[in-house]
Amino acid sequence: MNEQIVIARDLVKTYENGRTRALDGVSLEIFSGEFVAICGPSGSGKSTLLNLIGALDRPDSGELWVAGEDLTHSQGDLASFRARKVGFIFQLHNLIPSLTALENLLIPTLELDEPRHKAQARARELLERVGLADKAHRRPPELSGGERQRVAVARALINNPQLILADEPTGSLDSKTEKAVLDLLREIHRERGVTLILVTHDARVAQHADRVIELIDGRVVVGVETAQKPHAFP
Amino acid sequence: MSFAQLILKNLWRQRVRSLLAILGISLGIATIIALGAIADGMEQNLIATLRSGKADFSIGQAHVPMIVLSSVPEARLYEIARWPEIKQAVGALVAFASFPGNPYFLTIGIEPEAFELGGVTLLEGRAFSPYAEDEVLLGRIAAHTLGIKLGDVVEIDLKQFRVVGIYETGNLLEDGGALLPLRTLQKLKNRPSELTVILVRVNEGISIEEVMARVEREYGGSLITLRSSEEFNRNYQSLSLVRAGSWLISLLALVIGGIGVMNTMIMSVFERTREIGILRAVGWRRRRVLQLILGESLALGGIAAIVGTLLGWGAARAVTLLPQVRGLIGPLYTPELFTKALFIALLVGVVGGLYPAYRASRISPQEALRYE
């Protein structure tokens with residue numbers, strides 16, 4: 001039986017001094033190695049939830065444990081948690097336009113104390129894995145939308161995280177590219193046994209996941225298992 | 001790619017802006033280098049003016065701001081010259097005089113017997129006779145730049161003198177001036193029985209320090225002894241005004257350059273808000289972001305130090321080529337000057353980068369990522 005990698009209890013997050021309630025008592029559990037889609041219309045709080053899980057933001061109240069870390073009560077900068085435990089993929093690739101694909105991959109490694117050549121080797125290996133070995137020295141503006149998103153996938157994996165968080169990763173892609181990127185994410189999830197949490201408003205995209213958690217108005221409406229369930233979860 | 005390479009890449013990205021910031025600091029650094037080298041050169045000349053030749057040490061008036069303003073009664077010379085440990089003691093009067101085409105013409109009143117002790121070498125002609133009222137020796141540089149030859153008549157303080165010899169001491173100021181008989185200069189300047197310095201050579205086997213100590217003991221409070229340029233610096237803050245001016249310019253360079261760097265870096269951070277958000281999202285700590293921005297502004301300062309040093313060197317060189325000052329100014333480049341310039345340039349980088357770096361480190365990742 002796999003352990004829970006995310007445990008959330010009654011998470012509340014408000015914006016604009018409490019006037020907007022983005023999360024209104026969310027409780028959920030996600031297990032290590034799962035591929036979960038968090039689905040819901042815009043404004044449902046799904047990105048807010050992802051930001052809390054990824055330690056980009058803190059909840060107002062409730063309990064949140066991610067990869068063994070208490071994110072509600074921990075003090076100080078959570079950057080090193082982000083560097084070591086999670087990898088982010090955003091809707092817009094969010095690569096640094098002045099740096100090459102390879103250099104973009106190396107950015108997160110600058111936080112780790114490891115020899116440069118090791119990081120360099122890992123980055124090349126990952127670029128090869130996402131099929132961009134020949135474009136390592138291209139800058140993002142010289143890459144297609146799908147290629148950029150593949151660089152972003154590789155960057156999310158560079159520090160060997162336990163958790164990949166993808167926020168509408170195919171939101172700006174055409175349907176053919178969308179499928180390619182989702183297939184890549186699925187493959188990587190299977191190969192590496194990494195937990196994948198994907199946020200989307202698109203039910204079709206959510207179908208790629210093992211389990212869908214649906215949010216509406218900051219509350220969990222339903223957590224169903226989809227047909228593509230690869231493992232047995234408790 | 002290392003952290004340092006990332007810093008340089010970020011500067012290269014906005015090369016025009018980086019270049020302008022570098023230019024801003026460089027001008028300040030160039031001023032510091034040029035003025036500093038010229039001031040150091042002038043100071044060295046003033047030091048050497050009264051501490052050259054074969055003298056073991058020299059004696060001047062205590063508590064005067066500039067050695068040229070030193071006034072020692074001639075009677076002291078005769079008292080000290082009688083001491084048994086003294087081999088030779090001679091006096092010299094140093095004064096600026098008016099000379100056509102040179103407002104800072106250095107004249108030294110000295111007796112021919114003191115030439116050796118004063119380090120004077122005759123290149124042409126002969127020495128003047130001690131009481132000649134119309135004979136002068138011209139320095140090598142003065143003769144060369146003014147085109148004056150042996151036998152010509154020159155006007156010093158509106159009085160006519162015949163050039164009977166050309167001399168060299170190796171000192172820029174001295175070689176750009178003239179030597180007159182001591183009595184003649186005392187009379188010309190209306191400073192009878194007055195000296196600027198006494199040059200002293202002690203007998204063989206006698207400790208120079210002990211003789212210097214005796215001078216200080218017997219005339220303590222009114223006379224001081226000088227042996228080296230460091231002592232000179234300690235005792236005569238001769239160029240304090242030039243020094244103060246140089247520091248003021250350094251301060252201005254610091255402030256102006258700092259504001260320029262700050263402006264550049266604030267703009268750069270503002271434009272990169274989203275990127276900094278990405279860095280934070282992928283795990284960069286606040287401190288790392290701070291180091292990145294501070295590193296960029298420090299690199300601006302470092303590059304400006306090199307560019308500014310080259311510009312300053314060129315400017316000082318250009319100044320020395322001006323006919324008005326030729327022979328008067330010889331820039332002196334000391335390691336201290338370069339260290340000071342580098343330090344100021346880096347300080348400008350730190351001062352200008354601190355606030356933008358702090359701002360950048362406070363950027364919240366999830367808000368920056370929403371920022372378009």
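This is a predicted model: local features need pLDDT of at least 70, side-chain atom pairs count only at pLDDT 80 or more; totals for chains, interfaces and linings use all residues.
**Ground rules.** I number residues from 1 along each chain as its sequence is written, and chains are lettered from A and ligands numbered from 1 in the order in which they are written. Local features need pLDDT of at least 70, side-chain atom pairs count only at pLDDT 80 or more, totals for chains, interfaces and linings use all residues, and side-chain values use heavy atoms, with hydrogens and water left out.

**Confidence.** I looked up pLDDT (the predictor's confidence in each residue, from 0 to 100) chain by chain. Chain A averages 87, with 94% of the residues scoring at least 70. Chain B averages 86, and there 90% of the residues score at least 70. The model scores ipTM 0.88 and pTM 0.72. I flagged residues 227-234 of chain A, where pLDDT stays under 50. For that stretch the model has 17 contacts (heavy atoms within 4.5 Å) beyond four places in sequence.

**The A-B interface.** I find 27 residues of chain A in contact with 23 residues of chain B. Together the two chains bury about 2300 Å², 58% of it on carbon and sulfur atoms; buried area is the accessible area (1.4 Å probe) that two parts lose on being put together, summed over both.

I then checked polar contacts (N or O atoms within 3.5 Å; within protein, one must be able to donate a hydrogen and the other to accept it, and residues adjacent in sequence count only if both atoms are side-chain atoms). Ten residue pairs across the interface qualify, both residues at pLDDT 80 or more. On the side of chain A that touches chain B, the elements giving two or more residues are helices H2 (79-85), H3 (101-106) and H4 (116-129). H2(A) gives the most, four residues. Helices (H or I, at least four residues) and strands (E, at least two) are DSSP runs, numbered from the N terminus.

**Salt bridges.** My cut-off is a side-chain nitrogen of Lys or Arg within 4 Å of a carboxyl oxygen of Asp or Glu. Between chain A and chain B the count is three.

**A sheet in chain A.** Four strands form an open antiparallel sheet in the order S2-S1-S4-S5; strands pair if DSSP finds at least two bridges between them. S2 (20-31) and S5 (69-70) are the edge strands, each pairing on one side only. Two bridges join S4(A) (residues 61-66) to S5(A). I noted Trp65(A) opposite Asp70(A) in S5(A).
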